[in-house]
Amino acid sequence: MPLRLDVVTIFPDYLAPLELSLLGRARREGLLEVHVHDLRDWTHDRHRTVDDTPYGGGAGMVMRPEPWGEALDEICSSQPGRTPRIVVPGPGGEVFDQATASRLAEQEDWLVFACGRYEGIDERVYEEFSSRYPLSVLSLGDYVLNGGEVAVLAMTEAIARLLPGMVGNEASLAEESHTGGLLEYPVYTKPAGWRGHEVPEVLLSGHHGRIEAWRHEQRLARTEQRRPDLMERYRTISSSE
Ligand SMILES: N#Cc1c(-c2ccc3cc[nH]c3c2)n[nH]c1N
């Protein structure tokens, strides 16, 4: 069964990149199903209003609960016998990392993304739907975006590329950044010499054992230099194995 993604947003065109490249091919090959919905289709006023002023005052606007309630009621019950995980991108969520992507790719076959805007979605939507469905609030990282759409694009690519059949050479998944907790090793291609910069001799040696050892050393060195936080976690996990 292909992974089904439903995305609810007030900017459906933002999700147009899901039609391109890897994800477009995945959809054409039946590995992935993507349905984008305009939240305003669940409004009933002339102006198709999705926001209102915040109770308690403060700057900005809050997304009204009613359109979200009707949209998620309809979408989450649209596949008889199936239950989605609702994913709400948000700066206050658990960090979405490679482990999260792997877990969702392995364990879920239907994700419903709820893209907020403005100052966010009325809290009662989270209360209502977390009592009825598995629900995760996930963050791309500690910086502020204007809405959830960019996060959905990133999360969708990170998850979908892990699906069986998505990446031509699945062996490459094993050596990329964050797989196994380390950053990727440096890569080179022809020409062997370029502007005085030479490809490391070991990579020209044809000695696969030495090449593998060198690449692992490079991963360790890069992770230590650029992401000491990941190195600490890697050491802890390695020492417990
Ligand atoms: N994921 C994520 C986010 C966001 C985000 C997500 C949704 C909304 C809705 C209004 N503002 C938002 C910001 N900011 N930074 C992240 N890492």
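Leaving out neighbours within four places in sequence, Pro65 is in contact with Asp122, Arg124 and Val125. Pro65 sits in helix H2. This is a predicted model. Its protein chain has 8 helices and 9 strands.

**Overall chain**

- The C-alpha atoms of the protein chain fill a box of roughly 70 × 40 × 40 Å along the principal axes.
- Of the 241 residues in the protein chain, 40% are buried.
- Take the contacts between residues at least 6 apart in sequence: 75% of these join residues at least 24 apart.

- Pro65 and Asp51 are 14 residues apart along the chain, and their C-alpha atoms are separated by 8.8 Å.
- Helix H2 covers residues 65-76 and helix H4 covers residues 123-130.
- The two helices pack at an angle of about 25°, with axes 9 Å apart.
- Angles under 35 degrees count as roughly parallel, and H2 and H4 are therefore roughly parallel to each other.
- The crossing of H2 past H4 is right-handed.
- On the H2 side, the residues that meet H4 are Pro65, Trp68, Gly69, Leu72 and Asp73. On the H4 side they are Arg124, Val125 and Phe129.
- By class, this contact has 5 nonpolar, 1 polar and 2 charged residues.

**The H7/H8 pair**

- Helix H7 spans residues 208-226, and helix H8 spans residues 228-240.
- Their axes are 5 Å apart and the packing angle is about 125°.
- H7 and H8 are therefore oblique to each other.
- H7 contributes His216, Leu220, Thr223, Glu224, Gln225 and Arg226 to the contact. H8 contributes Pro228, Leu230, Met231, Tyr234 and Arg235.
- By class, the contact of H7 with H8 has 5 nonpolar, 3 polar and 3 charged residues.

**Ser238 in H8**

- Ser238 is found in helix H8.
- Ser238 counts as partly exposed because its relative accessibility is 31%.
- A polar atom of the Ser238 side chain lies 2.8 Å from the backbone oxygen of Tyr234. Tyr234 is also one of the H8 residues in the contact with H7.
- Ser238 and Gly180 are 58 residues apart in sequence, yet their C-alpha atoms are 9.9 Å apart in space.

**Arg82, a buried arginine**

- Arg82 is placed in the loop between H2 and strand E5 (85-95).
- Is Arg82 buried or exposed? Its relative accessible area is 18%, so Arg82 is buried. The cut-off for buried is under 20%.
- A polar atom of the Arg82 side chain lies 2.8 Å from the backbone oxygen of Asp109.
- Apart from neighbours within four places in sequence, Arg82 is in contact with Met1, Pro2, Arg4, Cys76, Asp109 and Trp110.

**Backbone features in loops**

- Which peptide bond is cis? The bond from Lys190 to Pro191 is cis, with omega near 5°.
- Pro191 is found in the loop between helix H5 (149-160) and strand E8 (193-194).
- Arg48 is not a glycine, but has a positive phi of about 55°.
- Arg48 is found in the loop between strand E2 (32-38) and strand E3 (51-52).
- Arg48 counts as partly exposed because its relative accessibility is 33%.
- Tyr118 is a residue other than glycine with a positive phi, near 55°.
- Tyr118 is found in the loop between strand E6 (110-114) and H4.
- Tyr118 has a relative accessibility of 36%, so this residue counts as partly exposed.

Terms used:
Residues are numbered from 1 along each chain as its sequence is written. This is a predicted model: local features need pLDDT of at least 70, side-chain atom pairs count only at pLDDT 80 or more; totals for chains, interfaces and linings use all residues. Side-chain values use heavy atoms; hydrogens and water are left out. Axes are lines fitted to C-alpha atoms, for helices over the stretch in contact, and angles run from 0 to 180 degrees between N-to-C directions. Helices (H or I, at least four residues) and strands (E, at least two) are DSSP runs, numbered from the N terminus. Angles under 35 degrees count as roughly parallel, over 145 as roughly antiparallel, 65 to 115 as roughly perpendicular and the rest as oblique. A crossing is left-handed if the near helix is turned anticlockwise from the far one by less than a right angle, and right-handed if clockwise. Contact means heavy atoms within 4.5 Å. Ala, Val, Leu, Ile, Met, Phe, Trp, Tyr, Cys and Pro count as nonpolar, Asp, Glu, Lys and Arg as charged, and the others, Gly among them, as polar. Buried means under 20% relative accessible area, exposed over 50%, partly exposed in between (1.4 Å probe, protein chains only). A polar contact is a pair of N or O atoms within 3.5 Å; within protein, one must be able to donate a hydrogen and the other to accept it, and residues adjacent in sequence count only if both atoms are side-chain atoms.
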